[in-house]
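Student: I would like to learn how to read aromatic pairs, surface patches and nonpolar cores in a model. Can we go through one case?

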Amino acid sequence: KAILFISVFVVAAIALPTDKISREALLDSPAVNEDLINLVNSAKTTWVAGHNRRFDGMTLREARSLLGAKLGGKLPPVKTVKQMDPPASFDSRVTWDYCPSVYLVRDQSACGS
């Protein structure tokens with residue numbers, strides 16, 4: 001998430017019309033606009049940027065709060081797990097049919113993880 005934001009942050013800086021822009025001014029610019037979308041898409045990568053209504057009226061500063069990255073913290077210890085072949089198929093609705101939350105799709109964009 002953080003790398004994507006940094007990429008968008010840099011692209012947004014390039015997309016803004018002024019030569020010199022402060023970090024604060026950049027953070028207060030729109031999170032998404034047509035110029036930014038076109039600039040990202042001009043790179044012809046493996047994905048296509050587009051408009052998402054979730055970010056309508058949001059600044060880069062506000063969008064940044066959705067990332068949830070905590071830099072400089074301690075990393076958890078590495079756990080070694082036994083290597084196994086994945087099952088041919090898996091459906092959580094069948095495996096955990098007694099669990100009603102398996103059927104719910106929730107918007108977790110602001111969960112902070």
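**Reading the aromatic and nonpolar features**

Tutor: Start with one side chain in this predicted model. Phe 90 counts as exposed, because its relative accessibility is 54% and the cut-off for exposed is over 50%. Phe 90 sits in the loop between helix H4 (60–64) and helix H5 (92–95).

Student: How many aromatic pairs are there?

Tutor: A pair of aromatic rings is described by the distance of the centres and the angle of the planes. Here the count is 1 aromatic pair. The ring centres of Phe 90 and Trp 96 are 5.6 Å apart and their planes are at 70 degrees, so the pair is edge-to-face. The cut-off behind that label is an angle over 60 degrees.

Student: Is Trp 96 exposed or partly exposed?

Tutor: Trp 96 is partly exposed, at 38% relative accessibility. Together with Phe 90 and Tyr 98, Trp 96 makes a nonpolar surface patch of about 400 Å².

Student: Which residues form the largest nonpolar core?

Tutor: In soluble globular proteins, nonpolar side chains tend to be buried together. The largest nonpolar core in this model has 6 residues: Leu 26, Ala 31, Met 58, Leu 60, Ala 63 and Leu 66. Leaving aside neighbours within four places in sequence, Ala 31 has contacts that include Met 58, Leu 60 and Ala 63. Buried residues account for 17% of the 113 residues in the chain.

Student: What is the secondary structure of the chain?

Tutor: The chain has 5 helices and 0 strands.

Methods:
Residues numbered from 1 in each chain as written. Predicted model: local features only at pLDDT ≥ 70, side-chain atom pairs only at ≥ 80, totals over all residues. Heavy atoms only, no water. Phe/Tyr/Trp six-rings, centres within 6.5 Å; stacked < 30°, edge-to-face > 60°. Buried < 20%, exposed > 50% of the residue type's maximum accessible area, 1.4 Å probe, protein only. Core = buried A, V, L, I, M, F, W, Y, C linked by side-chain atoms within 4.5 Å. Contact = heavy atoms within 4.5 Å. Patch = residues over 30% accessible without salt bridge, like charges linked within 9 Å, V, L, I, M, F, W, Y side chains within 5 Å. Areas by Shrake-Rupley, 256 points an atom, 1.4 Å probe, with all protein chains shown as cover. Salt bridge = Lys/Arg side-chain N within 4 Å of Asp/Glu carboxyl O. Helix = DSSP H or I, 4+ residues; strand = E, 2+ residues; numbered from the N terminus.
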